[in-house]
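Reader: Hi! Could you walk me through this one while I have it open?
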Amino acid sequence: MEAKHSLAVRVLRVVLLPIMVGALVLLLVSFFMMRRAFERSYQSRAESIVKTLDSAIGSTSDLQNKEILTQQILKLIYANPDIELIQINLPGKGEKLQTFVSNEAGREGQVVEDYNQQAWKEHKLVSTNLGVGTQARYIMALPIEVSGKVVGTYEIGLSYKESYRAFILQVLYFVGGTVLTLLVVSLAISYLTRRIVITPIRQLVLGAQKIGEGELTYQVELKTGDELGVLAQAMNLASQKLHESYLGLEQKITERTSELKEKLNLIEQQKNNLEKSKSAMINLLEDEKELEKELSQEKESVEIKVKERTRELQTERARFLASIEGIVRAYILLDTRGKVILTNRRLGEILGEEKGEWSISLIQEKLGGEVDLHAAIQGCLKRGDLFERKEMSYGAKFLDLYVTPIYLDQVDKRDPMGVLMLIGDITEAKILQRSRDEFFSIASHELRTPLTAIRGNAEMILDNYQAKIQDQEVKEMLGDIHEGSVRLIEIVNDFLNVSRLEMGKMEFKLEPIKMGELVESVIKEFQVTGSRQKLSLEQAPLKAGIGMALGDRDRLKQVLINLIGNAFKFTQEGGIKLEVEQQAKEVVVWVSDTGEGIAKALQGLLFHKFQQAGSSLYTRDTSKGTGLGLYISKLMMEGMGGKIWLEKSEAGKGSTFAISLPISKSEEKGV
Amino acid sequence: MAKILIIEDDPLMQRMYQKAFAFDGYEVSVAGDGVEGLEKVRSEKPTIILLDVMMPKQNGLDTLAKIKADPDLKGTPVIMLTNLAGSADAEKALKLGAVKYIIKSEQEPKQVVAMVKEILSGYTRDAVPGK
C-alpha cells in the first residue's frame, strides 16, 4: 500500500506553506514599505528642493520671469545631480496648465501631465513613478501657492538611478536573507517533523502494512514516550493478540478442513451412487413405457374377465349364504385373528338370543366356563387340527362344539385362512342316546332273569331227569330250549357290554398278568366245554423272558374267548394257534386260524358294530352271533390301554388276529 | 346235611335254585325279601346263605351288612347273587364280608351248587356254624 498523499508532504505543505506565504507577504510588505521609505525620502528631498526653489523665487512677478526661473533651476540641478526633471507649470493659453519652464528643452508650452493637473486642481501634492529599471524616476507635482491662491505647479522628477541599485541590492539582501532563513527553518521543521512525527508514523504505517499483509509477528519498534509510542504498543499488542487468535483459528481451520474433506468424500460417494441409480432409473423408465402399453391392453381384457367373475362370485356367495342358513348347526366363521366374519341364524336360535353381530367373547360369555373358546381357536390355528367337545351342558340343553381351521388349499394345508366353529344342539340326540342306553341297561337286566330261569331249568331237566325223558325228540327240544336261552343270554350280555363300554361305564381293573398262563387257562376252558373237538387248539411254546402285561384279567379273558370263538366259527378244518410274544414295550398275543379268511374288501368292516364281514345284509350267519364280538373286544382292549387288530388274512387260507398290552411297570418278569 | 337259605325275590329264581340244591340232597329254605331273609337267618341258622342283591324292602347289601353285624350270624358264609352288571356292587359285597359274588345268568345251576360245595368243604375244616 502506498499513500496517495504523503503525510510528510502534506504536513510540510501545511506547515511550510503558511510560512512561505507569510514570508512572501512579509517580503512584499517590506518591499512596499521600503519603496515607500524610498519614496518618502525622495519626496522629502523633492520637497526641500521645491522649498529652495520656492524661496528662491520670491514674488509672483518672478514667476513670470523665465530667466530668473531658469537660473534657479540650473542652480538646483547643479546642486543635485540626480534631478532629472524640474519644471514649473503655469496656466497658459486657454487657462490650461502648460510647462512654463523646464530643464528639458523643447518642453515649453506643452500641456502638462495629468498629475500636474491633479495637483493644480486639488491643491495637493501628487507623486508618481515613471519608467522602469534604471530609467525609473520619482515625479512629484506640487501646487504653487501665492497669497493663498494656486497659480501653478512645481514638478520635480528625481531619478532613482543611483539609489535604485542600492535599493535593489537591499532588496536582494533582504530577499536572500529571508529565503535563506526560510530554507533553514523549513529544513529544521522538516527534519523535526520527520523525526518526531513522520518517521514514527511511517514505522506505524509499515507495521500496520506488515500486519495487514499478514506478518502478525512484526513488532513496531517505537519507544517514544508520546502518543505514537502508545499507539505502537497498542498495535503490537493487537497484532500479538491477532497472531494468537490467528494461530488458534488456523488450527480450527485445519480441523474443519479435514472434517470437510471427509464429508466431501462422502458426498462424492453419494453423488456416485446417485448417478448410478439415476442411470438405472432411466433404464427402468424406458422399460416402464413399454410395459405400460402392454399393461393397458391387458387391463382391458382383465376388466371384462373381472366383470364376469364378479357375477359368478355373487352367485356363489348367494349360494353359499343360503347353504349356511340351511345347516342344522350354528355356523360361525372366524378370521385368523379370531374375529367373527359370518354367522347363521341358527346360532341365535341355539344360544337363545338374537344378536345382530356376534363376537367370540359374547359366545364365550354364554357358554360359560365349559370351554375356553379363545384357547381352542388359537390351538387350532397353531396345530392345524380339529377341536371338539362332544357334550356340553347349556341350561336345559346339551350342545356339541367343533372348531377347525380352514385352508385355501385342502391338500397342502399350510397357513389357515380362518377358523370354522360349529355348535350343534344335541339335546334330542342325547336324550335319545340316554334312553337307548338306559333301555339297554334296564332291558338287559330285566331280560337276564327270565332267561336265566329258562336256561337253568332246561339244564336241570336234562341233567336230573334223564331217565324220565325217553323220547329223543323231547330231549332234543329241551336241548334246543337250553341252547336258545344260552344264545339269548349271550346276546343280551353283548348289548349290555356295548352300552356300558360306549357310555364309559365299564371299569377296568388293571393288574400285571402272566399272559402265557392266562392263554393256557382259556384254552383249558374251551377244552373242558368240549366244543369243536375236531379242530386243534394250542399255544405255541413260550419264549423266555416275556414281561408281565398290564390289563384287566376278566376282560382279557373275554377278548381271548371272543377271538378263539370267532376262529372256531369260521374254521372247518385244521386248527387255531396262539402265540405270546414281547415286542418292544408291549406283550402281543397272536391268534391264527386256518379258516375261511376275510376278503380284503370286507376287512374294513371288522371291529365295527353289527358287522359281519359278509357281502350283504341278508348274507348273515345269524348262528354266528350278533356281530358285536369284535366291537366289544376292541372297546375293551382300548379301555385297558391295549390294542386289537387284524394282522393278516387271506381268503381260503386263514386269518391272524392280534392283541397287545403294555408291559407292566413292575420289573418282575413272567411268562 | 347242610342247610341252604336262599334270599331271592324273583319266584323263578327261587324255584330254580331250590330244585338245583334239592337234586343234590341239600335242605333248602327260601325268603322273598331282605327282612324275611334276616328273620329266617336268625331262626333257622342255615349253613350257607345265597343272597340276591336287588330286592324290595331291604336290598341284599344292607341285609349282608346286618348279618355280619350280628355276632351270632356273622360267621355264616354268604354268597351274593345278581344279574346286575358292574363290579362296584361286587366289591362292596366282598368288603362287607361276602364270600363270593355270582352273576346268575353266567352260571348253570349245577355250577352254583358246585361252588357252594367247595365253599362248604372249605368251611367244614374250620367248623361250619349252625351244625
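Reader: Which residue does Lys509(A) form a salt bridge with?
Author: Lys509(A) pairs with Glu91(B), and the closest N and O atoms are 3.9 Å apart. A salt bridge here is a side-chain nitrogen of Lys or Arg within 4 Å of a carboxyl oxygen of Asp or Glu. Keep in mind that this is a predicted model, where local features need pLDDT of at least 70, side-chain atom pairs count only at pLDDT 80 or more, and totals for chains, interfaces and linings use all residues. Side-chain values use heavy atoms, with hydrogens and water left out, residues are numbered from 1 along each chain as its sequence is written, and chains are lettered from A and ligands numbered from 1 in the order in which they are written.

Reader: Thanks! How many salt bridges does the rule find across the interface of chain A and chain B?
Author: Four.

Reader: And which elements of chain A give two or more residues to that side?
Author: They are α10 (427-464) and α11 of chain A; helices are DSSP runs of H or I with at least four residues, numbered from the N terminus. The largest share, 13 residues, comes from α10(A).

Reader: What about the classes on the side of chain A that touches chain B?
Author: Seven residues are nonpolar, eight polar and seven charged. Ala, Val, Leu, Ile, Met, Phe, Trp, Tyr, Cys and Pro count as nonpolar, Asp, Glu, Lys and Arg as charged, and the others, Gly among them, as polar.

Reader: Switching topic: at what angle do α11 and α14 of chain A cross?
Author: Roughly 35°, with the axes of α11 (residues 472-503) and α14 (residues 629-640) coming within 10 Å. Axes are lines fitted to C-alpha atoms, for helices over the stretch in contact, and angles run from 0 to 180 degrees between N-to-C directions.

Reader: Which residues make the contact?
Author: From α11(A), Asp494(A), Asn497(A), Val498(A), Leu501(A) and Glu502(A); from α14(A), Tyr631(A), Ile632(A), Leu635(A) and Met636(A). Contact means heavy atoms within 4.5 Å. By class, six are nonpolar, one is polar and two are charged.
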